[in-house]
Amino acid sequence: MVDWDTLPDAIRLRLADVAAGAVARIPGSDLPVAVRPVARFAPAKRARLGGAVLLAGLRDSPAFRTAVTEWARMNRPDLLDLTTADDASAAAAAVLLGAQNAGQQVAEVARRAGDAQLRAERAAVLAKMERVALENRRLRGELDTALAAARDAGTAGDAESDRLRSRLREQGVRLRQALDRADQAASDSDAELAELRRALAAAEAQRDRERERAELANHRAELAVAEAEAARQSVREARSADEVRLTLLLDTMSGAVAGLRRELALGQRTASDGPRPGDLISGGSTLSGVSGRVVDPATLDRLLALPAVHLVVDGYNVTKTGYPDLTLSDQRDRLIGQLAALAARTGAEITVVFDGAAVVAVPTTTTRSVRVLFSDPGVLADDVIRALVAAEPVGRPIVVVTSDRAVAESVRRGGAQPVPSAVLLTRLTR
């Protein structure tokens with residue numbers, strides 16, 4: 001398991017370079033939202049200015065990480081070489097490929113980077129101690145010179161001897177002072193090294209806090225963008241729904257006006273003209289509006305003859321009633337084909353709704369005369385049917401085919417006429 005937040009800088013630089021080369025060739029729809037602006041940067045600026053965003057995308061989006069890996073495999077296979085002599089490049093390749101030993105390679109690179117830093121610090125301390133040692137050797141050289149001069153001047157008399165002894169004592173004091181300074185310098189070097197380590201730890205903690213703040217800011221920005229887009233989508237959908245409702249209402253009103261004109265034309269006849277055409281139909285009963293219980297195909301035909309009628313079909317409720325032995329895919333294809341023929345004969349608007357949870361493949365039968373809807377994940381087809389009824393303008397005739405009592409009752413309250421599935425099946429097989 002690799003901790004992306006603690007990757008060594010060498011590995012982070014290599015991962016950012018690989019991602020910067022790949023984003024220009026990956027479709028924008030496959031890029032994380034935060035990475036898309038980086039893809040528009042100049043190639044020389046992507047890794048330098050957008051490195052943090054690219055690394056966050058690799059860390060948070062497995063799909064983006066896979067796309068970058070595939071790009072490297074097709075265009076730069078050397079970037080995925082796990083056997084390269086460059087430990088940082090090999091570790092970056094292991095991280096991208098999700099190798100089992102990726103964590104060990106990252107830890108090894110981090111350990112070597114820490115060792116290199118400690119070696120640099122040790123070299124600086126050793127250089128300082130070398131300077132102290134040189135000063136010590138210089139002082140010892142002066143002391144040796146003074147001792148030699150004292151030996152050579154021993155015969156010059158006690159006064160000269162005393163002078164030399166005094167100078168020797170002075171040199172001894174200077175030597176002790178130099179040694180004290182060397183010890184102090186070594187102690188100071190240890191203290192400086194400890195201080196450097198404390199400063200480094202504080203800097204890393206500050207860097208982590210800054211990274212967390214940046215990630216939080218990016219997350220808030222992404223949420224704001226998503227909320228704005230959702231708001232715009234809601235406005236567009238509301239506007240579209242209003243336009244559809246207005247169009248359907250106008251169609252319904254036009255049909256009603258045409259029907260009224262036909263009724264007015266019939267009303268000009270007198271009793272001497274004989275019976276009206278509607279009076280000659282036997283076995284029929286007057287149908288006003290879309291109320292009452294539909295129990296036969298003839299009543300359904302009269303409903304479908306209403307102006308601007310909308311027929312909504314509970315797909316699986318009908319198919320599992322009429323031909324349950326078929327597979328779900330064949331049930332859908334058969335029903336859609338039959339409804340297309342019914343639409344051609346009646347001119348009615350027809351919508352069939354299936355439960356999307358049971359769909360593993362799109363239907364092979366498609367037609368422009370029948371609207372086919374599948375409920376979204378987590379949404380029941382019954383709720384989609386209720387939403388279709390609620391979306392229609394008041395006054396438009398709506399027929400809902402279902403044998404589900406709860407659905408039938410709810411759409412009846414919404415102004416629609418429920419029809420049992422058996423009635424539609426009888427009508428389709430005539």
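## Legends for close-up views

View 1. Ser421 counts as buried, at 0% relative accessibility (buried means under 20% relative accessible area, exposed over 50%, and partly exposed in between, with a 1.4 Å probe and protein chains only). The model is predicted, so local features need pLDDT of at least 70 and side-chain atom pairs count only at pLDDT 80 or more, whereas totals for chains, interfaces and linings use all residues. Residues are numbered from 1 along each chain as its sequence is written, and side-chain values use heavy atoms, with hydrogens and water left out. Ser421 is found in helix H13; helices (H or I, at least four residues) and strands (E, at least two) are DSSP runs, numbered from the N terminus. Not counting residues up to four places away in sequence, Ser421 touches Asn317, Val318, Thr321, Val401, Thr402 and Ser403, where contact means heavy atoms within 4.5 Å.

**View 2. Arg427 in helix H13.** Helix H13 covers residues 421-428 and holds Arg427. Arg427 is buried, with a relative accessible area of 10%. Residues up to four places away in sequence aside, Arg427 touches Pro297, Leu300, Asp301, Leu342 and Arg345.

**View 3. The five-stranded sheet.** The order E3-E2-E1-E4-E5 describes an open sheet of 5 strands with parallel pairing; two strands pair if DSSP finds at least two bridges between them. Strand E3 (370-374) and strand E5 (417-419) are the edge strands, and each pairs on one side only. From one strand to the next, the twist averages 20 degrees. Axes are lines fitted to C-alpha atoms, for helices over the stretch in contact, and angles run from 0 to 180 degrees between N-to-C directions. Helix H9 (residues 315-322) packs on the sheet and touches E1, E2 and strand E4 (398-401). The direction of H9 makes about 65 degrees with that of E1.

**View 4. Strand E2 and its two partners.** Strand E1 (residues 310-314) and strand E2 (residues 349-354) pair in the parallel sense over 5 bridges. Thr351 in E2 is the bridge partner of Val312, and Leu311 stands opposite Ile350 in E2. E2 and E3 also pair in the parallel sense, over 5 bridges; here Val352 stands opposite Val372 in E3. Because 5 of the 6 residues of E2 are buried, E2 is largely enclosed by the rest of the structure. In a regular strand the side chains alternate between the two faces of the sheet.

**View 5. Arg332 and Val372.** Arg332 is found in helix H10 (residues 328-346). At 2% relative accessibility, Arg332 counts as buried. Between Arg332 and Val372 the C-alpha to C-alpha distance is 9.7 Å, although they are 40 residues apart in sequence.

**View 6. Two nonpolar cores.** The largest nonpolar core has 33 residues, and those with the most contacts inside it are Ile11, Leu15, Leu54, Leu58, Phe64 and Val68. At least two residues of this core come from each of helix H1 (9-22), helix H2 (36-39), helix H3 (43-60), helix H4 (62-75), helix H5 (87-97) and helix H6 (102-152). Apart from this core lies another, of 28 residues, among them Tyr323, Phe354, Val370 and Leu428. A nonpolar core is a set of buried Ala, Val, Leu, Ile, Met, Phe, Trp, Tyr and Cys residues joined through side-chain atoms within 4.5 Å. With its neighbours within four places in sequence left aside, Ile11 is in contact with Ala88, Ala91, Ala92, Val106 and Val109.

**View 7. The largest pocket.** The largest pocket has a volume of about 990 Å³. Of the 38 residues that line this pocket, the closest to its centre are Asp5, Leu7, Arg12, Arg207 and Arg211. H1, H3, H6 and helix H7 (158-267) are the elements that give two or more residues to the lining. H7 supplies the largest share of the lining, 11 residues. On a 1 Å grid over the protein atoms alone, a pocket is an open set of points with protein on both sides within 12 Å along at least five of seven lines, whereas a cavity is a set of points where a 1.4 Å probe fits but cannot get out; lining residues have an atom within 4 Å of a point. Grid points are joined across faces, edges and corners, and a volume is the space filled by probe spheres set on the points.

**View 8. Glu204 and Thr6.** Glu204 lies in helix H7. With a relative accessible area of 37%, Glu204 is partly exposed. Glu204 and Thr6 are 198 residues apart in sequence and 10.0 Å apart in space, C-alpha to C-alpha.
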